[in-house]
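Student: Please give me a close look at one surface spot here. Then connect it to the rest of the chain, with cut-offs.

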Amino acid sequence: MLLNAGIAGGIFAAYLTVLVLQLNPSVPLRPGTVGALVLPILLLHGTFVALVFYGVLLVRHLFAETVLSPGWVSFQLLVWLCLIASGVAATLMWLNLSGLRTTLEDDAARRMALGAVVLTLGVALLVGLGVFRFSFGRGGRAGPAAFGIVVFASLAVPLWLRGSAHATPEALRPGEGVSSFAAFPRGRVTMLLLDGASLDFISPAVADGRLPNVARILESGAVMHLATLRPTQPAPVLTAIATGKLPLHTGVRSAALYRARPAGPTVDLLPDYCFAHGLVAAGLLEERAHTSRSLRARPLWAILSSSGIGAAVVRWPLTSPAWSVPGEMVTDRLHASSAALPVASPPELATRLRTLPEPPDTAAAAAPASASGSLSEPGVHPYAGGAALALDRLYSGALDRIRDDPGARLVAMRYVGLDSVGHDYLRQAMPRAFGDVPEEERRRYGTVLPQYYRYIDGEIGRAIERLGPDDLLLVVSPFGMEPLSLPKRLLERALGNHESGTHERAPDGFLMAFGSAVRPGRLRRGSVLDVAPTVLYYFGLPIGRDMDGYARTDLFTPPFTAARPLAFIPTHDP
């Protein structure tokens, strides 16, 4: 039984390898390359599936009236085990094709769809073989031969349809791009990005009077839900916000690059729904973060620089090493700076930032503070989100050093703490959604997330106070936060983790706009891809026709839009 379960596990690992290769069409189909990729998948997923199959067979052996005694390799057993394996693989292929479509070129998606059709047909043929074997007995050697042909074809044909490796476009170099027409930046755009913020959490808090500054925007400004992207990770989603383009056009399709150890191929997208990131956790894949050198599309601040519009950008992902552009930039690596990578631009800005307080370690950040503005209550437990709060305050301090630069017409700051705290403490903040939160746990940690929203509300209030008569404030959530599904919750608990919030199912983010040019109201749902075109429109710059988002002119008052017609340019990229 063990050998049969092992063969089925190996076949499942082969199917999963085909899926990884379909999602990464730039990987060449050489034997050494494919072998280096299939090995880690075989060690983790193949072994896991083999053990599951073996456990099921043992349980059946213990409780069945008719004892199953297969040979070393049983055709009857393999048909049903491989039917399950191929059925799961076909389901994964269709789910990934649907969920990760925005990361694939049209041709790659078409080829993957054809491969999924072939695999689904293979599943149907295996069902037929199983029924035939059950109804008519052994059937000689024809049955095993047909089984082998079906399994081989369901692996080989999708690979053949996938085709040879596709060339990857070169990344941009700083300073490359098309110069735009003259703009009219009468005012300044301040953009606050809030990872993991959700209108579903904000709306009740506003109704209770706990977020007065957000309430001011909701009363006098505009708000809309924003559809986000999958995989719902900060790097691809925020890059899409900065460029107005889908991940397949930006060069950033996931959070990192992954290389099979010890010297295997590098892939930039892992499949969803199959715990593929367990390969990284198990040390079978080496993870390497994206950098600014990964970009294949110009971000918003680079486009603005072509018209001489400076920007002050703080903590945006994929800004390290820092680009040299008009204005000032603080990368998201300030708290973990390395002498080898510039963390700020221009270089002298790094010297000015050295006077900022050192980022404390987790223990120090969680310790109670007195007059420093800690969210901890005196005489009670220290604030559990202290580490995330300390980092947000570090970058907020960096923003205070550069936001008054008169040449910076775009000021952008990213807050990560809500996302970090939401992952860990959503359960205590929304106990009804989980149903199993002890009273002591709810009382101790139930205010961690609401308190962080109040801190963010204060930061929004500071931004409102700094607005000039022609300025625009955009508060953008790239993705929301929602409770983990029950299976994931049970898995996290089994692994000893405390995570309870997630954004893997792409919950909506939002955009709030506030300023004299904003038309108040609640608008129809938009997309994270609409942010960059909308900012370009506000500055009077043309929108690239190759952008996947749209300028949301309905955000603005009729007098503003009447004086500023839409303009287009073929592309802002070189």
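Tutor: Start at F48, which is exposed, with a relative accessible area of 56%. Exposed means over 50%, buried means under 20%, and partly exposed lies in between, with a 1.4 Å probe and protein chains only. This is a predicted model, in which local features need pLDDT of at least 70 and side-chain atom pairs count only at pLDDT 80 or more, while totals for chains, interfaces and linings use all residues. Residues are numbered from 1 along each chain as its sequence is written, and side-chain values use heavy atoms, leaving out hydrogens and water.

F48 sits in helix 2, residues 31-63. Helices (H or I, at least four residues) and strands (E, at least two) are DSSP runs, numbered from the N terminus. With V52 and V56, F48 forms a nonpolar surface patch of about 290 Å² of accessible area together. A patch takes residues with over 30% relative accessible area and no salt bridge; nonpolar side chains (Val, Leu, Ile, Met, Phe, Trp, Tyr) are joined within 5 Å, like charges within 9 Å. The areas are Shrake-Rupley values with a 1.4 Å probe, and for residues only the protein chains shown count as cover.

Helix 2 also holds H61. H61 is partly exposed, at 30% relative accessible area. Its C-alpha lies 9.9 Å from that of M1, 60 residues away along the chain.

Now step back to the whole protein. It has 21 helices and 17 strands. Of its 574 residues, 52% are buried. Its accessible surface is about 25200 Å², with 61% belonging to carbon and sulfur atoms. Among contacts (heavy atoms within 4.5 Å) between residues at least 6 apart in sequence, 75% join residues at least 24 apart.

R101 is a local case. It lies in the loop between helix 3 (75-99) and helix 4 (106-136). R101 is partly exposed, at 31%. Leaving aside residues up to four places away in sequence, R101 touches N96, D106, A109 and L248. A polar atom of the R101 side chain is 2.9 Å from the backbone oxygen of L104. R101 and R230 are 129 residues apart in sequence, yet their C-alpha atoms are 8.4 Å apart.

The peptide bond from R230 to P231 is cis, with omega near 0°. P231 belongs to the loop between strand 2 (222-227) and helix 8 (234-243). The bond from S320 to P321 is cis too, with omega near -5°. P321 is in the loop between strand 6 (310-314) and strand 7 (327-330). L318 lies in the loop between those strands as well. L318 has a positive phi of about 60°, although it is not a glycine. It is buried, at 7%. F275 has phi near 55°, also positive in a residue other than glycine. F275 counts as exposed, at 53%. Its loop runs between strand 4 (266-267) and helix 10 (278-281).

End with a buried charge. R298 lies in the loop between strand 5 (285-289) and helix 11 (300-305). R298 is buried without a salt bridge; D573, the nearest side chain of opposite charge, is 5.2 Å away. A salt bridge puts a Lys or Arg side-chain nitrogen within 4 Å of an Asp or Glu carboxyl oxygen. Lys and Arg count as positive, Asp and Glu as negative; His and the chain ends are not counted.

Note on methods:
Polar contact = N/O pair within 3.5 Å; in protein donor to acceptor, adjacent residues only side chain to side chain.
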